[in-house]
Amino acid sequence: MNNIFKKSKSVALSIDGFFDKVDLGILNFKKGASNYVNGNKNEFDQNLKTLNLLEKEADTIQRKIENDFYLHSLMPNYSSDILNLLETIDDIMDMSNDVLNQFDIETPHIPELVKKDFLELISLTAKSVDNAVPAARIFFTSPDEVKDKIQKVLFYNREANALSNNLKRKIFQEFDTLKLSEKIHLRYFALHIEQVSDVAKRIAHLLSSLVIKINM
Amino acid sequence: MAFLFFLSSGLFLGWTLGANDASNVFGSAVGSKLIRFKQAAIIASIFVILGAVLQGAGASHTLGELGSVDALGGAFTVALAAGISIFWMTRLKLPVSTSQAIVGAIIGWNFFTNNPTDYNSLTKIVTTWVMGPILGGIFAVLLFLLLRYILKKRKIHLIKLDGYIKYGLLIVGAFGSYSLGANNIANVVGVFIPSVPNFMLDFGLFVMSGTQLLFLAGGVSIAVGILTYSKRVMMTVGDSLMRLNAETALVTVLAHSLVLFIFSSQSLSDLFVKIGLPAIPLVPVSSSQVIVGAIIGIGILKGGRNIKFNLIGKIALGWVVTPIIAGLIAFFTLFIMSNVFNIKVSENATQFVKNEKVYEEGTTIISDPSTKIIQPNDTLIDLPKTFDIYKPFLISIVILLTIIIIYLLYTIDKLKERDKIEEHQESIEKYNSQQKLLMNELKIINAENSKLEKEIEAREKEQKKIALNIIRKNEILSDLKSNIENLKSKDEDTLKYSDLNNLKVVIIESLNIDKERKTFEKYIKDINNNFYKNLELKYPNLTENEKKLCSLLRLKLSSKEIASILNITPKSVEVNRYRLRKKINFKKDESLTKELRKL
């Protein structure tokens, strides 16, 4: 009897630890992307390094949680949904890391006139994922309160999508001095930043369905 | 022996009850894999037996009031009729419950034997059937609200809650099994109580009456049903009523257990009477119908989603149809038994004694009043015969314990042996997989080595090609030199334009000679980078020319070829080679080329 209580406690702690890593990862993504746009190369490198490390740690914790779920048949009715949720949350880390890595490898040139838009897009994306993680965290203790948090995620995601579209339009229609290849390059980065906020939307949908299932 | 033979129909009823109704207690938990079947079956079996023996008398007494089946043949037929009607109605997919079937069969016996049916008891029983699901629903709603309130207040982590619920389900399941045994044992062996031989078994530590032994046998038959057949039912119909989550399963099972407990607890009924409330009717109720009531209660609380309202109609139909069908089958079976097989199904001259207690204060003797039968001419109640079986019981216990200890020792030994074998197999598998891994690594390294060797070979060929090119060009130059000499010796008149043109072509071809040599030297230096480093480390005194000579010797070029590349005579190459050997202290019998290739 003791064993299962201990195991439940340890899995609950692991889940909290996983969320902590993701929270830190999001902060590093936001800082890193902003540092790149502002041209702070050294700080960007530091953020990228930290995010890389956090992503690996989050992966390890996620695998351990998955293992414990299957091994001790925890929450058998919802295990697949919960593991899917954690996997999607881990996607935030993977995608954020990929975006920063792409900045590092491809070093896109960001014209002065769109810097502000890029910074705004990064901020909105970070806000949407920033609200998705607490929503997932609160799901484990008070599922009824998830709904309030989800609204914020969806709002910031919509804002990020709208801004991204405006930014792409601006790049293609207002910058005659840029080559087509440069325009495509910039569009590609706007798209990738926007996609991180789409993962937050996916998390919100998963949480809504899980809350319904749990209350059934 | 005859008693045991006639009891078989009752035991069969017990087996079907265990196989079917255990799923009401543990179905959701086992079906959703919250609890392992083995764990659930052991707990259910133990607590069903305990419930049957300790608290089974109350509900059985009420069945006795409805109609005391006083002949063993009659009891056998009534239980058999109930069993047949359950089997037949299940085949027809009609709602059926053991409680309603047995009541119908008893009424059938009353009709057949012209015994009066106690309509007060019948009203009490039918009211309880209706009250069972309603109470189940009310309890479920109250418990669900309480649980929800606690969870909201405590904000327990879902994973931790899962752990608590798992153990909650085990504890509630144990209580549910106890209540099931206490309430439903009357269905299984209730009709046999008037036919039980009047005796007491003294085990030394406790005394058991014939009725209690009958309950024990019934409880064991239910436990056998749980252990042998309930898994299939739990896995297939565990969730058929409604898909329950863990919390709802906990609440419904607890509500079901409470209802069954209330309708079987004599002490609770006595307590009610003590505080001025009406006595609780102790009646066997359908465990499945109480569970359905509980689920519907929660469904209504949640806004009416997922409720199968047709179940309510089916339950109500079951209250009417099951007793009628069971009664008819009992009537015809009794007719066949008494007329075809000549089995005595009733003692017409007997009379049932009601509400008489033969309890003795301060002793553990529990004798059920329903077991007492008095003959018409008797005026005194016969006291049961007491058999002192303390010694045989003690010996049996010692023998049983010894067998268990021997079995456990044997099992532990076997388990240890199996563990050892598994450990050994595991280490072999580990070793094999490591070996496979090493072999794979070796294969990869070998493949890489052969790739590298091929690359070196190709590069050597390329180097040779360049060297030969230089040699060829040197030959062209020497040809050119001799051609010019020839031209010089010719007269100016005989000198043709074509001769000069030929010379020009040869010169243009050989114009790149220096450039090519430099390229070759750079190439040699690039690819022999490591070689030069190793050479310097081993022989630090070598000059640049000597190092160059070493690199060419390493390519296995002949003295003539080297001479051509370095633009010196073959004799000079020989001399330089001799000096090099001396400088690096090389013996005559040692191969310089081999040594250089090792670097």
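I started with burial in chain A: of its 216 residues, 40% count as buried. I took a residue as buried if 20 or more other C-beta atoms lie within 10 Å of its own, exposed if 12 or fewer, and partly exposed in between, with C-beta atoms placed from the backbone. This is a predicted model, in which local features need pLDDT of at least 70 and side-chain atom pairs count only at pLDDT 80 or more, while totals for chains, interfaces and linings use all residues. Residues are numbered from 1 along each chain as its sequence is written, and chains are lettered from A and ligands numbered from 1 in the order in which they are written.

**Chain A**

I looked up the elements next. Chain A has six helices and zero strands. Its pattern along the sequence reads α-α-α-α-α-α. Helices (H or I, at least four residues) and strands (E, at least two) are DSSP runs, numbered from the N terminus.

Then I checked contacts. Two residues are in contact if their C-beta atoms, placed from the backbone, lie within 7 Å. In chain A, 82% of the contacts with a separation of 6 or more join residues 24 or more positions apart.

I picked out two residues. N42(A) sits in helix α2 (residues 41–71) of chain A. N42(A) counts as exposed, with 8 C-beta neighbours inside 10 Å. Its C-alpha atom is 9.9 Å from that of G32(A), 10 residues apart along the chain. T107(A) is in the loop between α3 (79–106) and α4 (112–139) of chain A. Its phi is near 35 degrees, a positive value in a residue other than glycine. T107(A) has 11 C-beta neighbours inside 10 Å, so I noted T107(A) as exposed.

**Chain B**

I moved to chain B and counted 20 helices and five strands. Of its 599 residues, 39% count as buried. Residues 24 or more positions apart make 83% of the chain B contacts with a separation of 6 or more.

**Helix α7 of chain B**

Where does chain B touch chain A? The contact takes 14 residues from chain B and 18 residues from chain A. Helix α7 (residues 158–189) of chain B gives the most to the chain B side, with seven residues. That side has five nonpolar, four polar and five charged residues. For the classes, Ala, Val, Leu, Ile, Met, Phe, Trp, Tyr, Cys and Pro count as nonpolar, Asp, Glu, Lys and Arg as charged, and the others, Gly among them, as polar.

I followed α7(B) to its partners. α7(B) and helix α9 (residues 246–262) of chain B pack at an angle of about 25 degrees, with axes 8 Å apart. Axes are lines fitted to C-alpha atoms, for helices over the stretch in contact, and angles run from 0 to 180 degrees between N-to-C directions. The two helices are therefore roughly parallel to each other; the word covers angles under 35 degrees. Residues in this contact include L169(B) and F175(B) of α7(B), and L250(B) and V253(B) of α9(B). By class, the contact has 13 nonpolar, seven polar and two charged residues.

Helix α3 (residues 57–66) of chain B also meets α7(B), with axes coming within 7 Å and crossing at roughly 35 degrees. A59(B), S60(B) and L63(B) of α3(B) make the contact with N183(B), I185(B) and A186(B) of α7(B). I found four nonpolar, two polar and no charged residues there. Is α3(B) largely enclosed or open? Nine of its 10 residues are buried, so α3(B) is largely enclosed by the rest of the structure.

**Cores**

I searched for nonpolar cores, sets of buried Ala, Val, Leu, Ile, Met, Phe, Trp, Tyr and Cys residues joined through C-beta atoms within 7 Å. The largest has 174 residues, and V78(B) and I106(B) have the most contacts inside it. The largest share of this core, 15 residues, comes from α7(B). Apart from this core lies another, of 14 residues, including A467(B) and L553(B). Leaving aside neighbours within four places in sequence, I106(B) is in contact with residues including L63(B), V78(B) and V191(B).

**Two loop residues in chain B**

K155(B) is in the loop between α6 (119–154) and α7 of chain B. Its phi is near 45 degrees, positive in a residue other than glycine. K155(B) counts as exposed, with 12 C-beta neighbours inside 10 Å.

P540(B) is in the loop between α16 (529–538) and α17 (544–554) of chain B. P540(B) is exposed, with 7 other C-beta atoms within 10 Å.

Key:
Parallel < 35°, antiparallel > 145°, perpendicular 65-115°, else oblique.
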